[in-house]
Amino acid sequence: MISDRVKQSLKREFSRSVMAKIGLVLVLVVLLTAIFAPFIAPHDPTQQGLEESNIPPAGVTYTTEEFQMVDGERQTVETETRGSLDHPFGTDALGRDLFSRVLFGARTSLLVGLGGTAVAVGTGVGVGLVAGYFGGRVDDGLMRFADIMLAFPALVLALALVGFFRGSDYQAIAIPDPFVRAGLVDGMPESFVFPLGLTVVVGIVNWVWFARISRGEALSIRQEEYVKAAKSLGASDWTILRQHVLPNSLTPIIVLATIQVAAIILLESSLSFLGFSGTTLSWGFDIAQGRDYLGTSWWIASIPGLAIVVTVVGINLLGDWLRDALDPGLEGEHGGGM
Amino acid sequence: MPSIPDSRANTEGGCEMIQKPLLRVRDLETRFFTEEGQVNAVEKLTLDIHDGEVFGIVGESGSGKSVTARSVLGLLESPGRVTGGELWYRDETFADTVRADHPDAVDGDYVDLESLPSNVRRTLRGTHFSMIFQDPMSSLNPSIPVGEQIAEAVEAQRRARANPRSVASRTQGYGLSQYLMSTVMGSRKYVKSESLERAVELLELVGIPDAPLRAKEYPHEYSGGMLQRAMIAQALAGEPKVLIADEPTTALDVTIQAQILDLLTELQEETGMTILLITHNLGVVARMCDRVGVMYAGEIVERGTLADVFDDPVHPYTQGLLGSIPDLEGIGARLQPIPGNVPSLLDHEMGGRCYFADRCPKAMEECLEHPPEFDVDGSSHHATRCYLAETTYSEARALDADYFGSAEPLEDAADEPVEPARSDGGNTEEDSR
Amino acid sequence: MSQYQFILRRLLQGILVIWGVVTLVFLLRYMTPGNPVDFVAPLDAGQETRDQVAADLGLDQPVYVQYFDYLFGLIQGDMGYSFIRSQPASSIIFARLPATIELALAATIVAIIFSIPLGVISATRRHEPADYAATSFSLVGISTPNFWLGIMLILLVSVGLGILPTSRRPIGFVPAMEMFIFQLEIQGIRTWIAHMILPAVTLGTYFTAMIVRLTRSGMLDELGKSYVLATRAKGVPETLVRYKHVLRNTMIPIITVLGLQLGTLIGGAVITEFVFNWPGLGTLIINAIDVRDWPIIQGSLIVIGVGFVIINIAVDALYAKLNPKVSYE
Ligand SMILES: Nc1ncnc2c1ncn2[C@@H]1O[C@H](COP(=O)(O)OP(=O)(O)OP(=O)(O)O)[C@@H](O)[C@H]1O
Ligand code: SF4
Ligand SMILES: [Mg+2]
C-alpha cells in the first residue's frame with residue numbers, strides 16, 4: 001500500500017535529517033527496553049524492601065540529618081547514604097529499584113500509547129470516512145457529535161470516563177510475561193498489568209482528530225474520477241471505501257497516528273499521576289509517589305519524568321520526519337497530551 | 001527568418017549610444033548552495049542597459065532569468081547568494097550620497113551595488129529599482145487592501161526622499177517598537193493618509209475605474225488583469241528609474257496581455273524609465289524591446305539589438321528559438337521547443353564545455369572548451385558566446401551525434417514535454433525549482 | 001451575510017453544541033456504574049434511609065424526568081446540590097472559576113509573550129544557532145508532561161533555591177487589585193504574582209512550545225510566497241515585511257488551531273492545579289471524580305464545555321475579521 005514514491009521521500013528525508021535519526025534511535029531504545037525489560041532489569045520492579053528505601057542513584061551521596069535524644073540531650077546525627085550500581089537510579093520510598101521500574105514502565109507507556117492510538121484510529125477513521133463519503137445528514141450528524149466531543153478537554157473527559165471501569169474486571173488485566181513463562185528469566189513478575197480500561201478511554205477521547213482528518217480526505221477522494229468510475233461500474237459503497245478511499249487517506253492518518261502515540265503517552269502518564277490508571281507500574285504513578293519526597297529524595301520524581309520526555313521526544317521526532325517527508329499538511333491538527 | 005518591423009529597427013540605429021549605460025553588469029555570478037550541490041543559476045553575466053530603453057531577456061524555463069532579476073534587486077535569500085561580479089549603477093546623486101561612507105563602491109557617477117551593505121541597498125528598492133511579477137494573484141498580500149499595499153510603496157519612497165542624505169537604515173527604518181506602537185496609535189501608522197491618496201491616483205493612472213472604491217478592496221476581489229495593473233501602480237509608486245518586469249503577462253489572457261503591454265509602453269513614454277523585460281514570449285520581445293539578451297544555463301549566450309538577434313542570430317540556440325515562428329508580431333509567438341533539456345545548472349555537472357553543446361546541432365571539437373563572448377557583425381552591441389562567431393561550421397570537426405551519451409536528447413524529448421512548451425501555461429517560479 | 005448574522009448563527013450552533021454537551025454529560029452519569037446512594041448514605045443505613053436519600057437526591061424519578069428537571073434547572077442556573085457538601089453545585093463551581101481563569105489567562109499570556117518572538121527568530125534565522133535553540137526548546141516543550149514540569153520547578157525553584165511559594169493561592173486577582181486600589185496596598189498583588197509564576201510557567205510551557213512550532217513552520221511557508229518578494233522589492237522596511245505582512249498572515253490559520261487546542265489548555269490547567277494545590281475548577285473536578293460527586297462533575301464539565309464553545313465563536317469571528325477571504329458564510 002506504500003508506494004515507491006512515498007518510500008523514496010521517506011528515505012530522502014531520513015538521510016538528510018539528523019533529527020529523524022535521533023528519533024528513530026530513541027524510539028528503538030525505548031521499544032527494546034519495553035520488550036526485554038525482564039532481561040535488563042536488575043531487580044523485580046515490585047519487590048519492596050524497607051531497609052533499602054530512598055537510596056540515591058549511583059554515584060550520588062545523600063546526607064540526612066536527624067535529631068536524636070542522646071542522654072537527654074538533643075543531638076544532630078548525620079546519616080550518609082551513597083548510591084551504588086546495585087540500584088543505578090536509586091530506590092523509592094518503599095525500597096523498590098527505580099531503574100527496574102523505569103524499564104517496566106516503558107511497557108505500560110508504549111502499550112497504552114499504541115493500544116489507545118489503535119482505538120482512536122479504529123473509531124475515528126471509521127466515523128470520518130463514513131461521514132465524508134456519504135456526506136449529507138450522516139456527515140452533519142457525525143460532525144456535530146465530533147464538535148460536542150471537542151468541547152471536552154481530553155484529560156477531563158478521560159477522568160470522567162475512567163469511572164466506567166473503576167472496580168470492574170476490565171480496569172486492568174494481567175498479561176502473563178512470555179519470557180518468565182518460558183523460564184528464560186526468573187525473579188521477575190509473573191505477569192504484567194495492562195490497564196485495559198485506561199487504554200480504551202484514552203483512545204475514545206482522541207478519536208475526533210482522526211475523524212476530522214479522514215473525513216476531509218474522504219470528501220476530496222469522493223470527487224476523484226476513479227471513484228466515480230468505480231461507482232458507475234457498480235462497486236458497492238463499502239468496497240469503494242475499503243479499496244479506494246481508505247488507502248488514499250492513509251498518509252495523513254499515519255502521520256497523525258504517530259503524533260497521537262506521543263499525546264496518548266502524555267495523557268496516560270497524567271492519569272497515572274492522578275492515580276486513575278489502574279496500574280501501579282507506570283512512570284506517571286512513580287512521579288506521584290516521588291512528589292511526597294521532593295525535599296528528601298529528589299530522584300524518585302525526576303527520573304521517571306525524564307523517561308517520559310525521552311520517549312515522547314523520540315516519537316515526536318519520528319512524527320516530524322513522517323510529516324516532512326509526506327507533507328500531509330496537518331500542522332497543529334492533533335490533540336494535545338494534557 | 002522573420003523580419004523585424006521597420007519602425008523599431010530604425011530607432012535602434014539612431015540609438016547607437018555614445019551615452020554611458022545606466023546599468024553595467026559585469027561577470028555577475030549567482031549561486032544556490034543546495035543539498036544536491038551548488039547551482040550556478042547565473043554565470044558570468046555581462047550586460048549594459050541604457051537609459052530609457054526596454055531590454056528584453058528571453059530564455060527557456062530554468063535558464064536563470066528570474067534569478068538575474070532578483071540579483072539585480074539584491075533580493076536573494078539563503079541558500080542563494082551573489083558570489084562574484086559587479087553591478088554598476090549610474091546615478092549622480094546616489095553616488096554623492098554613498099561616497100563618504102563607501103568610497104570603494106563609487107567610481108565617478110557609478111556605484112557598485114554589490115559592494116554596498118544590504119541596508120543601503122534596500123533604500124534603492126522602490127525608489128530606483130522596482131519589480132513586477134508573473135502572477136499578480138500571489139504577488140500581493142491577500143489580507144491587506146490593494147490600496148494600502150500601494151500606499152506602502154508610496155510611503156517607502158516618501159520616507160527615502162525626505163532624507164536623501166543619510167542612506168543608512170535609519171532613514172527608512174521602521175523598528176519593531178514603532179510597529180507595535182502603530183497598532184495602538186493610528187497616528188503612528190507606517191502608511192500616512194497622503195500616501196493612501198497617492199495610491200488612489202496611481203490606481204487611476206493605470207486605468208482602474210472607481211479607484212477610490214477599489215483601493216479598499218482585497219486582491220481576491222480583483223480580476224487578474226486588474227491586479228496586474230495594480231501591481232504596476234505599486235511598482236511605479238516610488239518613481240523608479242528601472243522597472244524589472246518578470247514575465248508580466250504570462251499569467252494573463254491574450255487580450256489582457258496586450259492591454260498590459262500597451263500600458264507599460266505608455267507609462268514608459270511618460271516617465272522615461274528603463275525597463276528590463278523578462279519573457280518567454282518572442283512576440284512580446286519584438287513588440288516591446290530595443291535590445292535583447294538570450295539566456296541559456298545562466299549565461300547570456302547572445303545579445304544585441306532586436307535586429308541583430310532576430311535577423312542575424314549566430315548562436316545555434318538563438319536560431320533554434322526563433323525556429324519557424326510564422327509571425328513575430330503576433331503575441332502568441334512562443335519559444336520554439338528545442339530537443340533536449342535545460343541543464344541542471346549543478347556545478348559538478350556543468351563541465352568545462354559549451355553548455356549548449358549537448359543539444360547543439362553544430363557542436364564541434366572546439367566547443368568542448370567553454371566559449372568566451374565574441375563580438376559579432378551588426379550593431380556594436382551584438383555579441384555571442386559561440387565559436388560560430390569566429391569560425392564556420394565544418395563537418396570534419398563535428399562531434400559524434402552520440403558524443404554526450406547515446407541519443408540522450410531525443411529520448412528525453414520524447415519522454416516529457418520540452419521545457420518551453422510547458423512554460424506556456426502559468427509556469428511559476430516554484431515549478432522551476 | 002453580515003458580520004452580526006454570522007456571529008448570531010455561530011451562537012445558535014454553539015447553543016446546540018452546548019445542549020449536546022449537557023446531554024452527553026447526563027448520559028455519562030447514568031451509564032457510569034456505581035450508585036451515588038452508596039456514597040451519600042451512611043454505611044450501615046437500612047433500606048428505608050437509602051430510599052430516603054435517593055428521594056432527596058431526586059434519584060427515584062424516571063431518568064427522562066430527571067433529565068428534563070436537570071435541563072430546566074440548568075436554564076435557571078441550578079445545577080443541583082453537591083452530594084458531599086450540602087451546597088448548590090453552581091455556587092461551589094463558580095467560586096472556583098476565577099482561580100482557573102486567572103491561571104489559564106496567565107499561561108496564555110506567558111505563551112504568547114515568549115512563543116511568537118521565538119517562532120519569528122526561528123523562522124527568520126533558519127539553520128542558525130538561535131533556530132536550533134528554539135526548535136530544541138519547543139520539541140522538549142511539547143514532549144514534557146506538565147505535571148512533571150511543575151514538580152521539577154517546585155524541586156528546583158522552591159525546594160532548591162527557596163524562592164517562590166509552591167502551593168495554594170492565598171489571594172485572588174480581584175481582591176488583590178481591590179486591596180491595591182482602595183488601600184494602596186501592593187502586598188496583595190505581590191503575593192498574587194509570586195504564587196502565579198510557577199503554575200503559569202508550568203501550564204504555559206507546552207503552549208509556548210506548540211506555538212513556536214506552528215509559527216516557525218507557518219512563517220517559513222509564508223516567507224516563500226511571492227508577495228514577500230514583491231513587498232521587499234517595493235522598499236518596505238524588513239520589520240514591516242516580517243510583522244505586518246508575514247507574521248500576520250501566519251497567525252491567521254494558527255488562531256483557529258489555538259481555538260481547537262483550548263481543550264488542551266483546560267486539561268493542562270486541571271493537572272497543573274492539582275500539582276500546585278490551586279483552588280480552581282481542576283482540583284474540584286479531580287476530587288469530585290474521586291468521590292463521585294456527580295452534580296459537581298456534571299456542572300464543571302458543562303461550564304468547561306460552554307467556555308470552549310464561547311471562545312471558539314470568538315476565535316471564528318476573529319478569524320473572519322483577519323482573513324478577508326472569509327465572507328462570513
Ligand atoms: N531558491 C532556490 N533554491 C535553489 N535553486 C534555485 C532557487 N531559485 C532558483 N533556483 C535555481 O535557479 C535556476 C534558475 O531559476 P529561474 O527561476 O531564474 O529560472 P527562470 O529562467 O526564471 O525560469 P522561468 O521561466 O520558469 O521563470 C533554476 O534552475 C533553479 O534550479
Ligand atoms: S559553441 Fe559550439 S556547441 Fe556551443 S553553441 Fe556554439 S557551436 Fe554549439
Ligand atoms: Mg522566472
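Me: Among contacts in chain A between residues at least 6 apart in sequence, what share joins residues at least 24 apart?

Reply: In this predicted model, the share is 76%, where contact means heavy atoms within 4.5 Å. Local features require pLDDT of at least 70 and side-chain atom pairs pLDDT 80 or more, whereas totals for chains, interfaces and linings use all residues. Residues are numbered from 1 along each chain as its sequence is written, chains are lettered from A and ligands numbered from 1 in the order in which they are written, and side-chain values use heavy atoms, with hydrogens and water left out.

Me: What else describes chain A, in its helices and strands and in its C-alpha trace?

Reply: Chain A has 14 helices and 4 strands, which are DSSP runs numbered from the N terminus (helices H or I, at least four residues; strands E, at least two). Its C-alpha trace spans about 100 × 45 × 40 Å along the principal axes. Of the 338 residues in chain A, 52% are buried. The chain exposes about 14,800 Å², with 58% supplied by carbon and sulfur atoms; the area comes from the Shrake-Rupley method with a 1.4 Å probe, and for residues only the protein chains shown count as cover.

Me: Why is Ser158(C) called buried?

Reply: Buried means under 20% relative accessible area, exposed over 50%, and partly exposed in between. Ser158(C) has 11%, and is therefore buried. The residue belongs to helix α7 (residues 146-160) of chain C. Beyond its neighbours within four places in sequence, Ser158(C) is in contact with residues including Ile163(C), Pro165(C) and Leu198(C).

Me: What lies 3.0 Å from a polar atom of the side chain of Ser158(C)?

Reply: It is the backbone oxygen of Leu164(C). A polar contact is a pair of N or O atoms within 3.5 Å; within protein, one must be able to donate a hydrogen and the other to accept it, and residues adjacent in sequence count only if both atoms are side-chain atoms. The value of 3.0 Å falls within that limit, so the pair is a polar contact.

Me: Why does Thr205(C) count as buried?

Reply: Its relative accessibility is 16%, so Thr205(C) falls on the buried side of the limit. Thr205(C) lies in helix α9 (residues 187-223) of chain C, and its side chain reaches the backbone oxygen of Val201(C) at 2.6 Å. Apart from residues up to four places away in sequence, Thr205(C) touches Phe137(C), Gly141(C) and Leu149(C).

Me: Why is Val228(C) described as buried?

Reply: The relative accessible area of Val228(C) is 1%, and the residue is therefore buried. Val228(C) sits in helix α10 (residues 226-233) of chain C, where 7 of the 8 residues are buried. Not counting residues up to four places away in sequence, Val228(C) touches Glu222(C), Leu223(C), Val241(C) and Val246(C). After α10(C) comes Gly235(C), with a positive phi near 95°.

Me: How is the contact between chain C and chain A made up, in residues and in area buried?

Reply: Chain C contributes 49 residues and chain A 50 residues. About 4,400 Å² is buried between them, 76% of it given by carbon and sulfur atoms; buried area is the accessible area that two parts lose on being put together, summed over both. Phe147(C), Trp148(C) and Leu260(C) supply 13% of the area that chain C buries against chain A, more than any other three residues.

Me: Which side chains place a polar atom by an oxygen atom of ligand 1?

Reply: Ser66(B) does at 2.6 Å, and His280(B) at 2.9 Å. A backbone N or O atom of Lys65(B) also lies 2.9 Å from an oxygen atom of ligand 1. The protein covers 90% of the 630 Å² of accessible area that ligand 1 has on its own.

Me: What makes up the shells around ligand 1 and ligand 2, by class?

Reply: The shell around ligand 1 has 5 nonpolar, 9 polar and 6 charged residues, and α2(B) gives the most to it, with 4 residues. The shell around ligand 2 has 10 nonpolar, 1 polar and 1 charged residues, among them Cys354(B), Cys360(B), Cys367(B) and Cys386(B). Ala, Val, Leu, Ile, Met, Phe, Trp, Tyr, Cys and Pro count as nonpolar, Asp, Glu, Lys and Arg as charged, and the others, Gly among them, as polar.

Technical notes:
Buried < 20%, exposed > 50% of the residue type's maximum accessible area, 1.4 Å probe, protein only. Near = heavy atom within 4 Å. Buried area = accessible area lost by both parts, 1.4 Å probe.
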